[in-house]
Amino acid sequence: MRHDPLRHVHGTHRAGPLTVETVQAPCATCGTLIGGDTEHLLAALRASESRFRAAFLDAGIGMALIDTDDLFLEINPAFAAMLGREVPDLVAQHIHTVIDPEETPRRLYRELVRGERDRVVVEKRLKHRAGHEVWSRVTISLIRDDAGQPQYTLAMFEDVSEQRKLGDRLAYQALHDPLTRLPNRTLFFERLEAVFDAPETGGPRRVGLCYVDLDGFAAINETLGHQIGDQLLVAVAARLEHGFARTEGQSVARLGGDEFALLVTDSRDGDQLTALAGALIEALERPFEVAGHRLVVTASIGVVERPVHGSNPTDLLRDADSTLYWSKADGRARWTLYDQDRGADQLTRHLLATALRPALERGEFTVEYQPLVGLSDGAVRGAEALVRWVHPRYGTLSPDRFIPLAEESGAIVPLGRWVLEESCRQARRWLAEFPDTETFVSVNLAARQIWDSDIVGDVARVLELTGLPARLLQLEITESAVLGPGGRPSQALQELADMGVRIAIDDFGTGYSNLAYLSRLPVHVLKLDGTFIEAFRDGAKPPPGHRADADEQIVGAMVQLAHALGLTVTAEGIENAAQAERLRLTGCDTAQGWYFARPGEAELVAAILRENRPRP
């Protein structure tokens, strides 16, 4: 009779030693009493085996019995159908004829065959006769003999191909941009991190990144609509992928909006990356035909290239983002290679910008004063208030280091209020000590303070709080802030002038210099930019083709025009007596500079006032 392995596998009750006289005996497996006689027992065994075989053959999932040599002993029809085969085709075949060997599952299976495990569950690709793959969840159980030694393995196969396809689709959607089908930010970071996680073999490895941003893309969305904008992004993505993602070691991703990235693994040097950046710009400058529109776009690109060792993905992308910002700031339609010194300056700027408001709360700012002197008699007329930041790490910072940051972040509003109040309080002290001098204080006013705050209310409150007469407060604002294309004659300035506050135009001569506008604004003083004063230095050499007395004649003309408008003129940056005298001869009214005094504490101004004598 043919050996039937199922008789040893199915789990039917097997009795202990029986004799013809035995009426009942316990099952050797579970202890159930079976018998009355040998024929009865054998009949029960045959019936149980028949039920198990029927369950094996009719099961809805694939099943196979495998020996210790990895040969199929029994195959059920469901498993054969899963592979597009017939049962006889697979019996006695090696399991690797339908299952690819893979290191980890193979190791687990060998541990099971050796008796070190009782069950293994893995997902495996099975080979269908038609050539495609069938994904299956395979549960393999170890069958031992009476002595407890491995004898067979029973494998059950559940077709999970549809679930796998759904999982693959979901994984693809999670890692790719739905519009352009390019890798998205998540997949880009995975690839970037893989570059830094990979071991270095054959010498130090390098990595490069081109961070691409389309110039003026928002205008296309606004004028032609988002549908056209989306089609343009698809066309851009296709051009980038076709031209740059098919080279080994290069991949393109859409990071969001109109931003793309070209990642170069194992880059050679910065020259390779800048050459790629140049090619990217040229490729994108070629017109796009989109829905009947011929669109021309440019791109700004930040380029970073460096050794993998000593860096990390976060720093790389941060520096690429900074470099992209530099490209935009430098005029767009260009690439910019990351510069460590410029990056360090950018980092410092960021640190200062974020620390501005807390520093104001901690009282890290102070005000210095530089005297404004009458050129006709050398007497102190007033003093300009100059804010300083006494930074705990960087020392004392001058306004040019942090005022632009304060204006960008909006911190200039609370900072400006503090400077205004501190300066007015000091001017009130001077008035109390020197009531006959009428010494005014001149405070710089940022344009954002006019647009983003109630500057009229702030000034009125400070004057009332400190008791300073409005006539002893002068507010300085740059001419571009009130005369530029984005500016306009401000009602706020008129209201301040109506209160009695003096209004001065700072750095006059560097912007629009529109005297017609000045005639319509409540301006009292023009402060000439220091570049005009360069020509008044003894021994100063004019630029080639520039007349030595040209600036002096220009200053004289501006002074006369200002006087004709009823304005006084102040010159900045006076360094010696000759300059002061030549400016006096032009008719300039007041001046300030190191020749008279460097900026210092309020006591400096008080000491000069106490002398009560004309300056040299």
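**Close-up 1. Helix 13 passes helix 15 in a right-handed crossing.** In this predicted model, helix 13 covers residues 412-433 and helix 15 covers residues 455-466. Their axes lie 9 Å apart and meet at an angle of about 35°. From helix 13, the contact draws on Arg417, Leu420, Glu421, Cys424, Arg425 and Arg428. Helix 15 answers with Asp458, Val459, Arg461, Val462, Leu463, Leu465 and Thr466.

**Close-up 2. Phenylalanine 79 and phenylalanine 157 form a stacked pair.** Here we turn to the aromatic rings, of which the structure holds nine pairs. In this one the ring centres are 4.1 Å apart and the planes stand at 20°, under the 30 degrees that count as stacked, so the pair is stacked. The two partners come from distant parts of the chain, 78 residues apart: phenylalanine 79 belongs to helix 2 (residues 77-82), while phenylalanine 157 belongs to strand 7 (residues 150-159). Is the pair buried or exposed? Both phenylalanine 79 and phenylalanine 157 are buried.

**Close-up 3. The charged end of arginine 239 sits over the ring of phenylalanine 288.** The distance from this charged end to the centre of the phenylalanine 288 ring is 3.7 Å.

**Close-up 4. Arginine 306 places its charged end over the ring of tyrosine 338.** Here the charged end of arginine 306 is 5.4 Å from the centre of the tyrosine 338 ring.

Terms used. Residues numbered from 1 in each chain as written. Predicted model: local features only at pLDDT ≥ 70, side-chain atom pairs only at ≥ 80, totals over all residues. Heavy atoms only, no water. Phe/Tyr/Trp six-rings, centres within 6.5 Å; stacked < 30°, edge-to-face > 60°. Helix = DSSP H or I, 4+ residues; strand = E, 2+ residues; numbered from the N terminus. Buried < 20%, exposed > 50% of the residue type's maximum accessible area, 1.4 Å probe, protein only. Lys NZ or Arg CZ within 6 Å of the ring centre and 35° of its normal. Axes fitted to C-alpha atoms, helices over the stretch in contact; angles between N-to-C directions. Left-handed = near helix turned anticlockwise from the far one by under 90°. Contact = heavy atoms within 4.5 Å.
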